[in-house]
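Biologist: I have a chain open on my screen and would like to talk it through with you. Can we go over it together?

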Amino acid sequence: REFEGIAHQFQNHDDIRLILKYDESLSHSIYAASDMLIIPSIFEPCGLTQLIAMRYGSVPIARKTGGLNDSVFDIDDDTIPLQFRNGFTFLNPDEQSVNNALERAFNLYKNNPEKWQQLVQNDMNIDFSWDSSAAHYEELYAKSVARARATNRP
């Protein structure tokens, strides 16, 4: 009821709208129009939201959980190779953590437009296709087989 009240309150507003229904074409328009997408999931077993967002050029700001942790890598994380850094992450599901990630994203967006555009371009070019995944699994399998054969030789 609270969300329905909020939706009613803003139904004629020029800049704000709350739509409480599933609409596939609208969701694609929102992805395409967004510079950033916040994904503050408490639990996320897989997650397509961040993958779709990146394909449209919307930089993910995501909590490090489940599939989000496997596909969104913070641009400020020096432990991640540069070519894999593709968004902003936060660990704790609280306001301070979300705000910190948002501030870092807004800072880059406002103060370094060249780096922001490079991030967007990199995100749009990431290949999350089955062909790419299958190639990685084939490579891993080949390495495992070669390692097993090498250790079993007399």
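Modeller: Gladly, and one term comes up at once: helices and strands here are DSSP runs numbered from the N terminus, a helix having at least four residues and a strand at least two. Please keep in mind that this is a predicted model.

Biologist: Fine. Which helices each supply at least two residues of the lining of the largest pocket?

Modeller: They are α3 (49–56), α4 (66–71) and α7 (130–151), and the largest share of that lining, 8 residues, comes from α7.

Biologist: And what volume does the largest pocket have, and which residues are the closest to its centre?

Modeller: The volume is about 790 Å³, and among the 26 residues that line the largest pocket, Asp70, Ser71, Asp127, Phe128 and Ser133 are the closest to the centre.

Biologist: How do the residues of that lining divide into nonpolar, polar and charged?

Modeller: The lining of the largest pocket has 12 nonpolar residues, 10 polar ones and 4 charged ones.

Biologist: What about the second largest pocket, which residues line it?

Modeller: The second largest pocket holds about 160 Å³ of space, and the residues that line it are Leu48, Leu51, Ile52, Met54, Arg55, Asp123, Ile126, Phe128 and Ser129. Here the largest share, 4 residues, comes from α3, and by class the lining has 6 nonpolar, 1 polar and 2 charged residues.

Biologist: Let me step back to the whole chain. How many helices and strands does it come to?

Modeller: The chain has 7 helices and 3 strands, and read along the sequence they follow the pattern α-α-β-α-β-α-β-α-α-α.

Biologist: Now some single residues. Why does Thr89 count as buried?

Modeller: Thr89 counts as buried because its relative accessibility is 12%, and the cut-off for buried is under 20%. Thr89 sits in strand β3 (residues 88–90), and its contacts, leaving aside neighbours within four places in sequence, are Ala62, Lys64, Val72, Phe73, Asp74, Ala101 and Arg104.

Biologist: Phe73 is on that list, so where is its place in the chain?

Modeller: Phe73 lies in the loop between α4 and β3, and it is partly exposed, with a relative accessible area of 23%. Not counting residues up to four places away in sequence, Phe73 touches Ile80, Phe84, Arg85, Asn86, Gly87 and Thr89.

Biologist: One more, then. What does Val120 touch beyond its sequence neighbours?

Modeller: With residues up to four places away in sequence not counted, Val120 touches Gly57 and Val59. Val120 belongs to helix α6 (residues 113–125) and counts as buried at 9% relative accessibility.

Key:
Residues are numbered from 1 along each chain as its sequence is written. This is a predicted model: local features need pLDDT of at least 70, side-chain atom pairs count only at pLDDT 80 or more; totals for chains, interfaces and linings use all residues. Side-chain values use heavy atoms; hydrogens and water are left out. On a 1 Å grid over the protein atoms alone, a cavity is a set of points where a 1.4 Å probe fits but cannot get out, and a pocket is an open set with protein on both sides within 12 Å along at least five of seven lines; lining residues have an atom within 4 Å of a point. Grid points are joined across faces, edges and corners, and a volume is the space filled by probe spheres set on the points. Ala, Val, Leu, Ile, Met, Phe, Trp, Tyr, Cys and Pro count as nonpolar, Asp, Glu, Lys and Arg as charged, and the others, Gly among them, as polar. Buried means under 20% relative accessible area, exposed over 50%, partly exposed in between (1.4 Å probe, protein chains only). Contact means heavy atoms within 4.5 Å.
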